[in-house]
Amino acid sequence: MRVVGISKRLGGRRILDAIHLELFKGQTKVLIGPSGGGKSTLLQCMNYLIFPETGFIELEGQTIDPRNTKALCAFRQQVGMIFQDFNLFDHLTAVDNVAIALRKVRGWSRRQALERAMAELERVGLADKATLYPAELSGGQKQRVSIARALAMDPKVMLLDEPTSALDPELVSEVLAVIRALAQGGMTMVMATHQMGFARAVADEVLFMENGRIIEQGPPAALLTPGAATRTLDFCSQLEGGI
Amino acid sequence: MQEILTVLWEAAPFILEGAGITVVAVVGAMFLGLGIGVPLAVAQTYGTGSVRRMADLYVWFFRGIPILVLLFLFYFGLFAWIGLNLSAMTATVLVLGMTSGAYQSQIVRGAILALPQGQFKAALALGMSRAQAVWSIILPQALRLSIPGWSNEYSILLKDSALAFVLGTSEIMARTHFVATRTYQHLPLYLLAAAMYFGLTWAGVGVLRLVERRVRIKGYGETA
């Protein structure tokens, strides 16, 4: 996947400034940086939930034309998105949350879709919660359901927008464990996070974003080793020192 | 006293039949209004350009004119002018339904706006089209949230339906008026009519409460 020269202005402010990003199969990239730096906007541009003003996205050599509705829907199916506040469908049980896109978008039968949905819930360790509604689940469980929901579409790339930021501290690890298993299973991912330990352990590359630009990028070892004179390390020590 | 009771006793079945007609008219108008209101609400929230403006125009028109004027305008004016020969009852259902559609659209629009918009984004991110996302994600929830508003709309519409007597629809009000002008027992007869409206309001609101409880999402909106 390639992101080429993405720029976006909102209310006269430049949110993204000609961002370039190249993502290879199986890579995990972590976006870090201060709030308002453009991480979330970049991720949402990467599946055209927000249309950038300039630049384009390429997936496996194919340029996506966002004005072609059919192509756009087909593209989005290949790019899974995980949101900070889960965005589960409140009127559907956990298993139906996972199954609905298979039925409506892929046109699978109800039985087929439910079978696949159960398999995905099992993968995130929630098979026993299948018939519960979102309001009956904890935050960590909700986020795992939303990961199962994205995985059911067999995405080629997963975009994760601060998946643990809305969680109580004791629920963070269960979600990170699922994401780590995904990374180890070879999923291609871009994840915005403030979990530095996680970034160090899992990321192939860390991108530091500020004021709509990627100002530093490199392997976590290079950017985050104690003593490295990087803006990234500076930011991270503030984060960790603050906690 | 004896005379009053005799009049009431004799008029009751006649007026009760009118209550049946009132119910048919109001329920018909509610459903017609639902059929009009939901697409209007979707057009106003997710529509663009001319679609949205048309929806706004419709709502602006029907909310801006008294029902009595609309009844005359359509029954004696518009329907006659385009050569439609409708019964008073059909015209009543159509006019009440079209008006209710304007009000119901605002109930549903409010419900749509009250939903967390992230769910719409999540649906798009899964590859759903906007129409699919509205149909399978937004509307099932928005319609649930609309039920209390409908309860209100039903009770207003029920009482507005009394105006239909000016077209000659033989509902509660028309029949009560008919008997009262012939027997001069205005007080007991209109009290009877009032009691019927009261009972119908109570019953309809009760039915909607049941529906609300039936389609409630588990755990949703409960305070911990």
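## Exercises on a two-chain model

B:I147 is partly exposed, with 19 other C-beta atoms within 10 Å. The model you are looking at is a predicted one, so let's explore it step by step.

### Exercise 1: One residue in its surroundings

*Solution.* 
- A buried residue needs 20 or more other C-beta atoms within 10 Å, and an exposed one has 12 or fewer.
- Finally, look along the chain to B:G168, 21 residues away; 32 Å separates the two C-alpha atoms.

### Exercise 2: A helix with a bend

Compare the span of helix α4 of chain B with the expected span, then locate its bend.

*Solution.* 
- Helix α4 of chain B covers residues 88–114, which is 27 residues.
- From first C-alpha to last, α4(B) reaches 39 Å, close to the 39 Å expected at 1.5 Å a residue.
- The bend is at B:A102, and its angle is about 25°.

### Exercise 3: A strand and its partner

Work out which way the residues of strand β6 of chain A point, and how β6(A) pairs with β7(A).

*Solution.* 
- Recall the rule: in a regular strand, side chains alternate between the two faces of the sheet.
- In β6(A), residues 79–82, A:V79 and A:M81 point one way, while A:G80 and A:I82 point the other way. All of these residues are buried.
- Strand β7 of chain A, residues 157–161, pairs with β6(A) in the parallel sense over four bridges.
- Within this pair, A:V79 stands opposite A:V157.

### Exercise 4: Chain A as a whole

Decide how compact chain A is for its length.

*Solution.* 
- Begin with the inventory: chain A has nine helices and ten strands.
- Its radius of gyration is 18 Å, close to the 18 Å that the globule rule gives for 243 residues, so chain A is as compact as a globular protein of that length.
- Of those 243 residues, 49% count as buried.
- Among contacts in chain A between residues at least 6 apart in sequence, 64% join residues at least 24 apart.

### Exercise 5: Where the chains meet

Describe the side of chain B that touches chain A.

*Solution.* 
- Count first: 19 residues of chain B are in contact with 22 residues of chain A.
- The largest share on the chain B side, six residues, comes from α5(B).
- By class, this side has nine nonpolar, eight polar and two charged residues.

Methods. Residues are numbered from 1 along each chain as its sequence is written. Chains are lettered from A and ligands numbered from 1 in the order in which they are written. This is a predicted model: local features need pLDDT of at least 70, side-chain atom pairs count only at pLDDT 80 or more; totals for chains, interfaces and linings use all residues. Helices (H or I, at least four residues) and strands (E, at least two) are DSSP runs, numbered from the N terminus. Two strands pair if DSSP finds at least two bridges between them. Two residues are in contact if their C-beta atoms, placed from the backbone, lie within 7 Å. Ala, Val, Leu, Ile, Met, Phe, Trp, Tyr, Cys and Pro count as nonpolar, Asp, Glu, Lys and Arg as charged, and the others, Gly among them, as polar. The radius of gyration is taken over C-alpha atoms; the globule rule is 2.2 Å times the number of residues to the power 0.38. The expected span of a helix is 1.5 Å times one less than its number of residues. The bend at a residue is the angle between axes fitted to the seven residues ending there and the seven starting there.
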